[in-house]
Amino acid sequence: MSQMHNPHGLEANFDGLVGPTHHYGGHSFGNVASTGNAKLVANPREAALQGLAKMKALADMGYAQGVLPPQERPATWLMRELGYTGSDKEIIAAVGNTHPGYLSAMCSASSMWTANAATVSPSGDTSDGRVHFSVANLQNKFHRAIEHRQTERTLKAIFSNEQHFSVHSALPMMAAFGDEGAANHTRFCRHYAEQGVEFFVYGRQHWGGQVEPQRFPARHTLEASQAVARRHGLRASHTVYAQQNPAVIDAGVFHNDVIAVGNQNVLFCHEQAFLNAQYVYADLQGKLGADFELIEVPSSAVSVADAVKSYLFNSQLLAKENGKQRLLVPEECRNTPTVWAYLQQLLSEGRGIDELLVFDLKQSMQNGGGPACLRLRVALSAQEAAAVNPAVWMNNGLFERLTDWVKRHYRDRLQETDLLDPHLVDEVRTALDELTHILHLGAIYPFQRHGSDL
């Protein structure tokens with residue numbers, strides 16, 4: 001893990017391990033891939049192995065790569081909170097006899113998209129010199145709004161050293177404070193351990209806003225971003241807020257990370273990504289400095305529709321030692337002619353991006369999540385990296401253990417009707433119990449905690 005001892009710090013990627021109940025429920029209105037592929041037969045085993053392959057590849061390239069565990073599903077604890085009684089199997093059967101999407105939502109493996117787990121501010125930016133995490137409330141979607149309590153427990157198990165880390169609970173579960181986490185947040189910097197510029201993108205302003213999308217919901221508010229910045233003790237001189245273009249939200253760009261991605265001094269985005277884009281660029285350049293590099297993709301080269309179909313911008317920008325960036329994209333980019341032609345042109349120009357990595361993430365992509373959705377970025381100093389739970393860092397040994405674990409516990413076929421299988425809940429709990437031992441997480445899941453602070 002060559003990044004670990006870098007005196008300038010590192011950016012670690014913590015990828016979500018796809019859960020055993022991965023299926024295509026189509027719950028995410030506004031996410032074209034999610035709703036368009038509803039009811040297809042999923043392969044949880046393949047999904048988890050595809051995610052692990054990406055994690056291992058980045059670790060092998062020297063990047064700090066961590067693993068975040070899936071959440072417990074079916075969410076029987078929630079079913080009990082909603083008034084269902086009896087054994088777990090009786091409750092699942094009763095929930096399954098209501099609206100067919102009800103049980104599916106409470107079995108969703110959506111926590112795999114850890115870009116929505118939290119917003120992270122590195123210690124170089126915060127007033128108390130600690131890394132701050134604000135768990136996202138994800139209040140706009142039922143199947144995701146049920147994640148935040150488990151997310152908080154998980155983050156506290158991994159980033160437990162309070163000398164270095166502060167994990168905040170989710171903002172109030174109100175539309176005024178809709179918070180989708182790091183999917184709408186980017187940080188620019190010269191060196192990861194030093195002061196950077198934090199970039200918050202919102203879909204609407206609850207108080208005083210005038211321009212909003214008309215077809216799909218704007219999930220993230222300016223007020224939520226401002227609250228997170230206050231919590232984290234960010235400096236106004238190094239913080240930028242921008243409104244996402246409502247027209248692209250209505251075209252299926254449900255998060256900013258479907259239309260823009262940034263790292264260090266580079267912003268790679270579509271020309272239609274932001275409202276008042278030129279003002280946004282000027283604000284970023286003014287606060288970051290003269291070396292801010294904008295790579296703006298014109299609609300004449302790649303349409304918004306092709307950007308959404310290919311997930312060109314739901315990619316990972318990975319810093320290289322030569323000062324350039326690698327761009328990690330899904331296989332769908334190669335299969336979209338306009339996007340692939342643009343990427344070849346971009347590489348030939350020798351600008352901020354000079355290398356392309358292509359990965360097969362079809363299982364995640366069909367559910368509406370690409371490479372960027374699968375990872376939470378955490379910039380750390382070498383000392384902070386050493387304070388992270390060491391069992392979650394990807395290496396050869398962990399890759400082999402998790403690959404074996406997936407092959408033993410995951411099904412290779414799952415569709416909505418299979419969620420009624422009374423054996424599924426036991427399969428999942430057996431798998432997750434073993435996983436907590438592999439990752440040294442302790443009793444983080446509701447079934448392990450027996451009703452205490454679920």
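This is a predicted model: local features need pLDDT of at least 70, side-chain atom pairs count only at pLDDT 80 or more; totals for chains, interfaces and linings use all residues.
**Exercise 1.** Describe the largest nonpolar core and the surroundings of Leu 402.

Solution. First, the size: this core has 103 residues. Second, the residues with the most contacts inside the core are Phe 14, Phe 274, Leu 380 and Leu 402. Third, helix 17 (residues 424-438) supplies the largest share, 7 residues. Now take Leu 402 and set aside its neighbours within four places in sequence. Its contacts are then Leu 17, Leu 52, Val 67, Met 394, Leu 435 and Ile 438. Finally, a second, separate core has 19 residues, including Val 261, Val 266, Leu 346 and Ile 353.

**Exercise 2.** Determine how helix 16 and helix 17 are oriented to each other, and which residues meet.

Solution. Helix 16 covers residues 396-409. Its axis lies 10 Å from that of helix 17, and the packing angle is about 170°. Angles over 145 degrees count as roughly antiparallel, so helix 16 and helix 17 are roughly antiparallel to each other. On the helix 16 side, the meeting residues include Leu 398, Leu 402 and Trp 405. On the helix 17 side, Ala 431, Leu 435 and Ile 438 are among them. Sorted by class, the contact has 7 nonpolar, 2 polar and 3 charged residues.

Notes: Residues are numbered from 1 along each chain as its sequence is written. Side-chain values use heavy atoms; hydrogens and water are left out. A nonpolar core is a set of buried Ala, Val, Leu, Ile, Met, Phe, Trp, Tyr and Cys residues joined through side-chain atoms within 4.5 Å. Buried means under 20% relative accessible area, exposed over 50%, partly exposed in between (1.4 Å probe, protein chains only). Helices (H or I, at least four residues) and strands (E, at least two) are DSSP runs, numbered from the N terminus. Contact means heavy atoms within 4.5 Å. Axes are lines fitted to C-alpha atoms, for helices over the stretch in contact, and angles run from 0 to 180 degrees between N-to-C directions. Angles under 35 degrees count as roughly parallel, over 145 as roughly antiparallel, 65 to 115 as roughly perpendicular and the rest as oblique. Ala, Val, Leu, Ile, Met, Phe, Trp, Tyr, Cys and Pro count as nonpolar, Asp, Glu, Lys and Arg as charged, and the others, Gly among them, as polar.
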